[in-house]
Amino acid sequence: IPKKMTVRSRSGEWSTGATIRGRWHSEDTPVGENALAGVRLPKGATLMGFKVLDCAVTSSTQQGAGIYGTADCYVKKCFVANCRAGIGAASIAVEFSDCVVSNCAATTRATFGTSGASNTLFIDNDCPNSGMYHFWGAHGQVNCSYVRNTGGGVLCDNGGAASYPVKVTGCVFSNNTAVC
């Protein structure tokens, strides 16, 4: 997305919206520094009503396979699934609202990203490394559900940064091996 704007699928709902599909299971899975396989949002942009599937980057330090934001970016009413990255498999620097995030895995940290979320279901995601976290430096998690997420680390962590307090309000946690 080239500038600050809202890009909405025709229906505005992921269940009937358009699909953005990466190349996770393909021979042409992107490599290199700029191998973002999903959506890149500029400051202040919003993505609404899409399915973002099968996005991946191959380096353990690459960020944001599914949705990569720069600042003040929003993802609303989207379904993000089966994304893989070193940092931020589902997203980096975007705030989720009314979304579902499923089967994403980060090898380094931040399976879900580095911003907040509200009214979002996070189910069957993985952040395998001990001491790592699904949300990193996340500002707030409000009315979200975390179900069957696995990992050696924690679900929410401020990464040791006092300027990024993690606030968890009205959330449900069920059958996770990663803790909050």
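Modeller: A residue is called buried if its relative accessible area is under 20%, exposed if over 50%, and partly exposed in between (1.4 Å probe, protein chains only). This is a predicted model: local features need pLDDT of at least 70 and side-chain atom pairs count only at pLDDT 80 or more, while totals for chains, interfaces and linings use all residues. Residues are numbered from 1 along each chain as its sequence is written, and side-chain values use heavy atoms, with hydrogens and water left out.

The protein chain has 21 strands and zero helices; strands (E, at least two residues) and helices (H or I, at least four) are DSSP runs, numbered from the N terminus. Of the 180 residues in the protein chain, 50% are buried. Two residues are in contact when heavy atoms lie within 4.5 Å. Among the contacts in the protein chain with a separation of 6 or more, 53% are between residues 24 or more positions apart. The protein chain exposes about 8,100 Å², and 50% of that area is supplied by carbon and sulfur atoms (Shrake-Rupley method, 1.4 Å probe; for residues, only the protein chains shown count as cover).

Now the rings. Rings of Phe, Tyr and Trp (its six-membered ring) pair if their centres lie within 6.5 Å; planes under 30 degrees apart count as stacked, over 60 as edge-to-face and the rest as tilted. Searching the whole structure gives four aromatic pairs. One of them joins F96 and F122 edge-to-face, with 5.9 Å from centre to centre and 75° between the planes. F96 belongs to strand β9 (residues 91-97) and F122 to strand β13 (residues 121-123), so this pair links distant parts of the chain, 26 residues apart. F96 counts as buried because its relative accessibility is 0%, and F122 counts as buried because its relative accessibility is 0% as well.

F122 and Y146 are both buried. Ring pairs link F96, F122, Y146 and F173 into a cluster.

R148 is 25 residues from F173 in sequence, yet the two are 8.6 Å apart in space, C-alpha to C-alpha. R148 lies in the loop between β17 and β18 (150-151) and counts as partly exposed because its relative accessible area is 40%. Leaving aside residues up to four places away in sequence, R148 touches I123, D124, N125, S174, N175 and N176.

Strand β9, which holds F96, has a partner strand: β6 and β9 run parallel and are joined by six bridges. Strands pair if DSSP finds at least two bridges between them. In this pairing, Y68 stands opposite I92 in β9. Strand β6 (residues 67-76) also pairs in the parallel sense with strand β3 (residues 39-41), over three bridges, and V39 stands opposite I67 in β6. Strand β4 (residues 46-48) runs parallel to β6 as well, joined to it by three bridges; there M48 has K76 in β6 as its bridge partner. K76 brings in another ring, since its charged end sits over the ring of Y74, 5.9 Å from the ring centre (the rule is NZ of Lys or CZ of Arg within 6 Å of the ring centre and within 35 degrees of the ring normal).

Last, the cysteines. There are zero disulfides in the structure, a disulfide being a pair of cysteine sulfur atoms within 2.5 Å. The cysteine sulfur closest to that of C55 is in C83, but at 4.4 Å it is too far for a bond. For C78 the closest is in C99, and 5.1 Å is again too far for a bond. C55 counts as buried, at 0% relative accessibility, and C78 counts as buried at 0% too. N82, in the loop between β7 (79-81) and β8 (84-87), is 27 residues from C55 in sequence and 6.9 Å from it in space, C-alpha to C-alpha. N82 has a relative accessibility of 16%, so it counts as buried.
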